[in-house]
Amino acid sequence: QGRCCTLQKQWYQRRVLEGGSFLTELQDTEDADSPLGWTPTQDRPLRRSDEETGKMDEGDTGPAIEQLAVLYEDIEKETEEIDFYTSRKVEEDQGSEYDTDIEETPAIKIEYDSSGIGHYLKICEDMKMRPVSHFMRQTKNPSLSLKYQSLGCKKTVAITQALASNTFVECLDLSDNDVGCEGVVSIAHMLTENYFITEINLQDNKVGVRGVEALCRVLSEHSYVKHLDLGGNGLKDNSADLLAEMLKLNYTLTTLILNKNQFSCVGAKAMASALLGNDSLTQLDLSWNRIRAKGGETLGKMLAVNSGLIKLSVAFNGLDSTGTAAFIKAIKVNTQIVNLDIINTRFAGAQCKELTKSLATNTTLKILKMGNNAIKEGDLEILHGGLAASSLHILGLEDIPMSRTLYERFMAVEKELGIVIHYGNSGGNKRKRPMTASTLVLDEFITTNMGRLVPILLAKDTDKSGCVTVESFKEALKEAGLRLHQSELNRLVDKLNIREDAVPCKEMLSGRVPVLLEKLRYNQPLLSLES
């Protein structure tokens, strides 16, 4: 019915637009002309007589339009009634239970896989590869450590594809996995989509020039990674050139570790030129490379003007006195460096005087490691005298031999200034040698049987020299009650005997065995028995 009324409206509206002659046409219109076989003349006397029609002037359509307006209002009312009935019927049908053949499809809720596990399993299935369980357990951890897992290139590619959508991992450690160039290229591609990983460790992975090129290209455009470790990859000077160009464009990377590679003076020069204008890199490790005097000199001049580096290591590079002299000058003018490592760089002992002068003017350097260099004791005394004017907190003198006297003087400075000094080799080795089982037995026996042992030793010390013979000492121990096998007792006495056929009894009784062994090691004077 609603459709019928709509068609009637349209039919009448079209007729009104055609003009005033529609009344005559309406009289002659057959039922087929009106919609649904209904003519507007049925039940509605709209037709005029012939006389009335003849009397109308051409264009006099006023009365006809008035009658048509009345009819149009009737149609509007009928339409409103039909619409009201239809809406009530729809509401009743919706409130009632009824069966229908049309079933609604439930909406499918798609959740975002922020860990990448689902994507990783699909990749492993497509590649017919067993998933790495160690990786799957850590996908929601901020630090993902996969070192020493022997991943290889194929597994690394699958992991990096899954990490592209991961939002949890911030630190990625893939050290010593034989990733290769292709694996590093996939890591670089992953970094273009993942903005959450800020630390990457790729030590010992055979990165190669192609891998370094891919990483540098990404790091030049995307500034999210702050820590990059490429140590132990055998990189050469061509890789150093790529890294240097990257450092000229990247101002987010703060730590770059390049130790255990094959950079020469050419690579050192490229790195130094890049760091002249880069103040964002704070830590640089170039230890265990092939940098020599000229390369060290270039790096030293760079350090003199660089205002970003806080920690720099050039350890185990043959810088010679020329290269180390440049670092000594840099210490004098640099106001940013805090930690400097020049271990085993062929530092000349004669440079200690200049070093103390530079340390006196520098107020930021807190850690200086200079062990395993050929520094004589006289030069160490000069360094010792300049510590009071420096701002050092830690001084590394590992594997530098010194006398016992100088060692004690350094120990006194430690207590006075609060400086921590790392020693090494003879005189400076602060580790106490572990006592053997026999020595422990003797030490405990003397501590608990001091009252019985002293009179026995005094009686056997007939010449009042403070020493007794080996045999007398053994007899005294046995008389005091020591139960020790004869072979162990012989070995123990051999360790304590510093004079020919004489044992220092007073040292043993006063300080017991550990102190005695320490004094014997450095040939210090012993106490007499009566003192």
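Me: Why is Phe 316 called partly exposed?

Reply: Phe 316 has a relative accessible area of 27%. Buried means under 20%, exposed over 50% and partly exposed in between, with a 1.4 Å probe and protein chains only, so Phe 316 counts as partly exposed. The model is a predicted one, in which local features need pLDDT of at least 70 and side-chain atom pairs pLDDT 80 or more, while totals for chains, interfaces and linings use all residues. Residues are numbered from 1 along each chain as its sequence is written, and side-chain values use heavy atoms, with hydrogens and water left out.

Me: What makes the pair of Trp 288 and Phe 316 stacked?

Reply: Rings of Phe, Tyr and Trp (its six-membered ring) pair if their centres lie within 6.5 Å; planes under 30 degrees apart are stacked, over 60 edge-to-face and the rest tilted. The centres of Trp 288 and Phe 316 are 4.0 Å apart and their planes stand at 10°, so the pair is stacked.

Me: Why is this pair said to tie together parts of the chain?

Reply: Trp 288 lies in the loop between strand S6 (283-285) and helix H12 (293-305), and Phe 316 in the loop between strand S7 (311-313) and helix H13 (320-333), so the pair joins parts 28 residues apart in sequence. Helices (H or I, at least four residues) and strands (E, at least two) are DSSP runs, numbered from the N terminus. Trp 288 has 46% relative accessibility and therefore counts as partly exposed.

Me: How many aromatic pairs does the rule give, and what makes Tyr 195 and Tyr 224 a stacked one?

Reply: The count is 5 aromatic pairs. For Tyr 195 and Tyr 224 the distance is 4.6 Å centre to centre with 20° between the planes, which is stacked. Tyr 195 sits in the loop between helix H8 (180-191) and strand S3 (199-201), and Tyr 224 in the loop between helix H9 (208-221) and strand S4 (227-229), 29 residues apart. Tyr 195, at 43% relative accessibility, is partly exposed, and so is Tyr 224, at 33%. Ring pairs also link Tyr 407, Phe 410 and Tyr 423 into a cluster.

Me: Why are Lys 128 and Arg 346 called exposed?

Reply: Lys 128 has a relative accessible area of 79% and is therefore exposed; Arg 346, at 51%, counts as exposed. Lys 128 lies in the loop between helix H5 (117-126) and helix H6 (133-136), and Arg 346 in the loop between strand S8 (339-341) and helix H14 (352-361). Neither is a glycine, yet phi is positive, about 55° for Lys 128 and about 60° for Arg 346.

Me: Which residues of helix H11 are buried, and what covers them?

Reply: In H11 (residues 265-275), Gly 267, Ala 268, Ala 270, Met 271, Ala 272, Ala 274 and Leu 275 are buried. Their cover includes helix H10 (237-249), strand S5 (255-257), S6 and H12, where contact means heavy atoms within 4.5 Å.

Me: What makes a set of residues a nonpolar core, and which members of the largest touch the most others?

Reply: A nonpolar core consists of buried Ala, Val, Leu, Ile, Met, Phe, Trp, Tyr and Cys residues joined through side-chain atoms within 4.5 Å. The largest has 93 residues, of which Leu 284, Leu 368, Met 370 and Leu 397 touch the most other members. Apart from it lies another core of 12 residues, including Leu 453 and Phe 473.
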